[in-house]
Amino acid sequence: MTVRIYVPRDAAALALGADRVAKALSREAETRKLDITIVRNGSRGMHWLEPLVEVETAQGRIAYGPVKPSDVASLLDAGLIEGKAHPLCLGGTEEIPFLKNQTRLTFARCGVIDPVSLEDYKSHGGLKGLENAIAMAPADVVKQVTDSGLRGRGGAGFPTGIKWKTVLDAPGDRKYIVCNADEGDSGTFADRMIMEGDPFVLIEGMAIAGLATGAAKGFVYIRSEYPQAIDAMNEAVTVARAAGVLGTSVLGSGKAFDMEIRVGAGAYVCGEETALLNSLEGKRGIVRAKPPLPALQGFMGRPTVVNNVISLASVPIIMDKGADFYRDFGMGRSRGTIPLQIAGNVKHGGLYETAFGLTLGEIIDVIGGGTATGRPVRAVQVGGPLGAYFPRALFDTPFDYEAFAAKDGLIGHAGITVFDDTVDMLKQARFAMEFCAVESCGKCTPCRIGSTRGVETADRIAQGIEPEKNRELLADLCNTMKFGSLCALGGFTPYPVLSAMNHFPEDFSPAPMVEAAE
Ligand SMILES: Cc1cc2nc3c(=O)[nH]c(=O)nc-3n(C[C@H](O)[C@H](O)[C@H](O)COP(=O)(O)O)c2cc1C
Ligand code: SF4
């Protein structure tokens with residue numbers, strides 16, 4: 001019988017040599033006349049174990065990792081294809097605590113199936129949500145999504161159902177679904193992982209969004225730095241179209257929905273929804289003033305749903321299992337699950353999907369296992385480059401939109417970057433201003449000019465030049481940016497800066513400059 005061996009095609013696994021491992025496996029198997037099929041799956045999200053090779057056995061899937069091409073011969077000698085013991089053997093994949101303790105709703109199939117096999121997708125529960133949506137009135141689909149409590153996973157946490165209702169109710173001869181797959185936040189990779197590991201779930205989510213709001217056309221705007229995700233999405237769209245999941249009659253419903261993959265040119269600000277729409281229309285990626293909301297006048301001036309990849313990819317399970325099922329997970333107004341992306345100086349980096357509500361301390365110390373260097377954790381930045389730095393003293397904060405906001409932080413796209421005690425928080429604050437200066441679209445003054453003045457002011461503090469006056473100036477500048485910027489790039493850059501100043505004041509008081517002795 002042919003044995004299925006899984007070697008991920010995920011970009012993180014590829015970066016760590018997955019292609020070379022797959023080649024070595026296929027070469028060795030040929031020499032040894034072993035009957036194997038190599039399936040290129042998505043990643044299970046345990047990045048420190050990549051490339052993670054799995055073999056299907058009667059006892060379930062057995063994992064080995066991290067595997068190098070030079071390990072392949074010894075793995076086969078030890079009986080890899082029967083799932084036998086080897087120093088790299090990790091036992092049953094699903095029993096690895098990092099995976100076992102997760103609640104995988106959105107990522108349930110990621111790493112499990114062949115990402116571009118529609119058959120595999122269907123045999124693991126795929127398309128049930130879309131089938132249910134087809135049988136319902138559009139307004140009822142929107143209601144399900146609203147009742148599920150799903151909030152946008154792109155950063156702002158806006159209720160997805162309310163956005164959809166605005167588009168449904170908006171007059172318009174054409175409407176659009178735009179999936180924001182720009183994923184510019186540092187330390188985030190959930191969008192990439194789902195597009196590479198389970199692209200059909202995004203296609204299904206977008207088709208449901210189209211049927212629910214009356215949009216017949218969708219676009220996925222993917223950053224150019226994600227070539228594997230672009231390939232996987234293009235391949236999956238072609239397969240879906242050929243199978244009638246997309247096209248003039250979605251699953252024979254008589255309702256049309258089709259989509260295209262578009263590639264962004266690599267500006268952080270093009271993740272901002274209105275800049276994204278400009279870019280999609282072939283214009284310069286510059287932020288538009290709101291109103292009008294994209295839901296009323298978006299792509300080509302038509303009503304448009306702009307949603308993050310994870311928001312859309314979470315819809316199929318809601319439409320499959322019902323709003324209550326999804327809503328039952330989480331805490332407060334943060335319902336369902338969130339794919340945490342644990343990165344930076346951390347022992348167990350990767351993607352961990354869980355219900356909202358774990359404390360930051362549990363995430364860093366227990367799930368992440370502390371720092372990779374073994375030194376104490378000093379700071380954690382949550383929410384990408386515009387997120388606040390949290391010290392250990394705030395590790396009891398539960399992962400929840402409101403709880404983070406109450407501590408002057410944000411969840412954003414759930415990127416979590418860990419720093420040990422060697423981090424210089426003044427440098428991090430300067431970096432935030434520098435990032436904003438580099439990425440600013442230039443439309444408004446507080447962001448365009450303020451960020452450059454911020455870099456200069458941070459430099460003066462570092463040089464010990466009038467530190468007290470310059471600290472006040474930096475805080476003042478932050479307030480101007482926070483309240484005077486047109487979008488969240490300028491408006492949220494103060495979060496990392498002010499949190500660094502407030503929680504780590506010692507780093508903002510460098511020794512005064514000593515005049516060189518004559
Ligand atoms: C500077 C900036 C960058 C952004 N980058 C992204 C991004 O990469 N991906 C994303 O989904 N949302 C991003 N957003 C948020 C989007 O403007 C928008 O809120 C989101 O796509 C809406 O989808 P959601 O409701 O599903 O979260 C960004 C916002 C700003 C201000
Ligand atoms: S805040 Fe910055 S990025 Fe946003 S519109 Fe103003 S200049 Fe552009």
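How many helices and strands are there in the protein chain?

1. The protein chain has 23 helices and 16 strands; helices (H or I, at least four residues) and strands (E, at least two) are DSSP runs, numbered from the N terminus. Its radius of gyration is 24 Å, close to the 24 Å that the globule rule gives for 518 residues, so the chain is as compact as a globular protein of that length. The radius is taken over C-alpha atoms, and the rule is 2.2 Å times the number of residues to the power 0.38.

2. This is a predicted model, in which local features need pLDDT of at least 70 and side-chain atom pairs count only at pLDDT 80 or more, while totals for chains, interfaces and linings use all residues. Residues are numbered from 1 along each chain as its sequence is written, chains are lettered from A and ligands numbered from 1 in the order in which they are written, and side-chain values use heavy atoms, with hydrogens and water left out.

3. The C-alpha trace spans about 85 × 60 × 40 Å along its principal axes. Among contacts (heavy atoms within 4.5 Å) between residues at least 6 apart in sequence, 71% join residues at least 24 apart.

4. Gly45 lies in the loop that runs between strand 2 (36-39) and strand 3 (53-57). This glycine is buried, with a relative accessible area of 0%. Leaving aside neighbours within four places in sequence, Gly45 is in contact with Phe98, Arg104, Met193, Gly349, Gly350 and Leu351. Leu351 is 306 residues from Gly45 in sequence, yet their C-alpha atoms are 4.7 Å apart.

5. The largest pocket holds about 1200 Å³ of space. Of its 47 lining residues, Gly154, Gly155, Ala156, Gly271 and Ala488 are the closest to its centre. A pocket is an open set of points on a 1 Å grid over the protein atoms alone, with protein on both sides within 12 Å along at least five of seven lines; a cavity is a set where a 1.4 Å probe fits but cannot get out, and lining residues have an atom within 4 Å of a point. Grid points are joined across faces, edges and corners, and a volume is the space filled by probe spheres set on the points.

6. Strand 9 gives the most to the lining of the largest pocket, with four residues. By class, this lining has 20 nonpolar, 17 polar and 10 charged residues. Ala, Val, Leu, Ile, Met, Phe, Trp, Tyr, Cys and Pro count as nonpolar, Asp, Glu, Lys and Arg as charged, and the others, Gly among them, as polar.

7. The second largest pocket has a volume of about 160 Å³. Its lining comprises 14 residues, and Arg109, His124, Gly125, Ile317 and Asp320 are the closest to its centre. Helix 14 gives the most to this lining, with four residues.

8. The structure holds two cavities of 30 Å³ or more. The largest contains about 80 Å³ of space; Val287, Cys441, Cys444, Cys447 and Cys487 are the closest to its centre among 14 lining residues.

Notes
Buried means under 20% relative accessible area, exposed over 50%, partly exposed in between (1.4 Å probe, protein chains only).
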